[in-house]
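Hi,

Here is the structure I promised to pass on to you. Have a look at it first, and then read on for what turned up.

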Amino acid sequence: MGDSFELHPDVQNTARQIADMDIRGAATIADAAAAALGAQAAECDFDSPDAFRTVMRAAARELEATRPTAVSLPNALRYVLSEMEGETVAALARSVERSVGRFRTDLDNAQDRLGEIGAGRLHDGDTVMTHCHSTDAMACIAAAVRSGTDVSAIVKETRPRNQGHITARELRELDVPVTLIVDNAAHRFLDDVDHLLVGADSIAADGSVVNKIGTAGLAVSARDRGVPVMIAAQSIKLDPKTLTGTTVEIEQRDPTEVLDTDTRDDIGTIAVENPAFDVTPPRHVDAIITEHGQFPPESIVVLMRELFGEDVTEPWIETETSV
Ligand code: RI2
């Protein structure tokens, strides 16, 4: 292999699909990124172990650059690359294949376990309000339904991309009664719900929850009405870099998701902002449900330290010593 190389098509396609949100949702993004690294490693047409490592790091960088907020993406890449070991290309490739397999299985198991733990908070006759679409939140409702608990849902459509429609469809597949509302109606319906249940894209060391835009205001309203705020988030959503004071970058998406160009031109000269996520402070959160149990937000840092330690590397970055 020479100095220039092309990344595996699966890496390029996966990166494009994540950026375009054809693949979306923090856990799904992590799973797809790990699978793409596995595809890259299986392409064993490399001259040397150093070349193999260089290509794997380049693949990880391509994937990492797609969306900035969901920490599950760098956490997945970190997991796979940090387990890469061996003296030969074949041994390195095998180690990546093993870590990708382990990562993806752990992800599935974590969501199942989290779902069972979260389901314990849902009781017969309860109504849940959802925001956006979260596979972790869905796992809690699915586990409750499986165990015979009768729940219904008020689903916010979640502008600008209306991911609430995905939630509504999946809840109907579970036979859960669904009422779809526009985002602005949430406060009006909070008196009718027993839980606000949402996912997370990143959770900071102080217990702040980064989730789809609109979550923070909704959590304030929920607390005002005495509705408990429940965050379903596998531990892969914990952002270890926040232990050292790094803040989570909020993704700014294309303004055309908010307003099409013709309508915008018709209105006149206006600015349009489209932040994809916001930050809910820990004081507005009741519980973070993980596969390791449920935590008050202020104590999530203990789990974060236990799982990640303080030393968070970025093994996809080329340094003089990284071969
Ligand atoms: P799961 C989504 O973001 C939502 O904000 C959702 O709460 C979060 O990912 C977590 O999703 P986007 O990718 O990992 O739709 O629980 O922007 O599926």
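This is a predicted model: local features need pLDDT of at least 70, side-chain atom pairs count only at pLDDT 80 or more; totals for chains, interfaces and linings use all residues.

A polar contact here is a pair of N or O atoms within 3.5 Å; within protein, one of the two must be able to donate a hydrogen and the other to accept it. By that rule, 14 residue pairs are in polar contact across the interface of domain 1 and domain 2, both residues of each pair being at pLDDT 80 or more.

Helix 5 gives the most, with 6 residues. Sorted by class, this side of domain 1 has 12 nonpolar, 5 polar and 6 charged residues.

Now the two domains themselves. Domain 1 covers 9–113 and domain 2 covers 116–308. Their C-alpha centres lie 26 Å apart, and the contact takes 23 residues from domain 1 and 29 residues from domain 2. Between them the domains bury about 2100 Å², with 52% of that on carbon and sulfur atoms. Of the area that domain 1 buries against domain 2, 29% is supplied by Arg 24, Thr 69 and Arg 113, more than by any other three residues.

On to the charges. The salt-bridge rule gives a count of 13, and it finds 2 salt bridges across the interface of domain 1 and domain 2. Glu 251 forms a salt bridge with Arg 67, and the closest N and O atoms of this pair are 2.9 Å apart. Why does this pair tie together parts that are 184 residues apart in sequence? Glu 251 lies in the loop between strand 7 (229–232) and helix 10 (261–267), whereas Arg 67 lies in the loop between helix 3 (49–64) and helix 4, so the pair links those two parts.

Gln 252 is also worth a click: its place is in the loop between strand 7 and helix 10. Leaving aside residues up to four places away in sequence, Gln 252 touches Glu 273, Asn 274 and Pro 275. Gln 252 and Asp 20 are 232 residues apart in sequence, while their C-alpha atoms are 13 Å apart in space.

Strand 6 (residues 209–212) pairs with strand 8 in the antiparallel sense over 4 bridges. If you want a place to start there, the bridge partner of Lys 212 in strand 8 is Phe 277.

- The peptide bond from Arg 159 to Pro 160 is cis, with omega near 5 degrees. Pro 160 sits in the loop between strand 2 (152–156) and helix 7 (164–173).
- Met 21 has phi near 65 degrees, a positive value in a residue other than glycine. Met 21 lies in the loop between helix 1 (9–19) and helix 2.

Best wishes

How values were computed. Residues are numbered from 1 along each chain as its sequence is written. Side-chain values use heavy atoms; hydrogens and water are left out. Domain bounds come from an automatic or database domain assignment. Contact means heavy atoms within 4.5 Å. Buried area is the accessible area (1.4 Å probe) that two parts lose on being put together, summed over both. A salt bridge is a side-chain nitrogen of Lys or Arg within 4 Å of a carboxyl oxygen of Asp or Glu. A polar contact is a pair of N or O atoms within 3.5 Å; within protein, one must be able to donate a hydrogen and the other to accept it, and residues adjacent in sequence count only if both atoms are side-chain atoms. Ala, Val, Leu, Ile, Met, Phe, Trp, Tyr, Cys and Pro count as nonpolar, Asp, Glu, Lys and Arg as charged, and the others, Gly among them, as polar. Two strands pair if DSSP finds at least two bridges between them.
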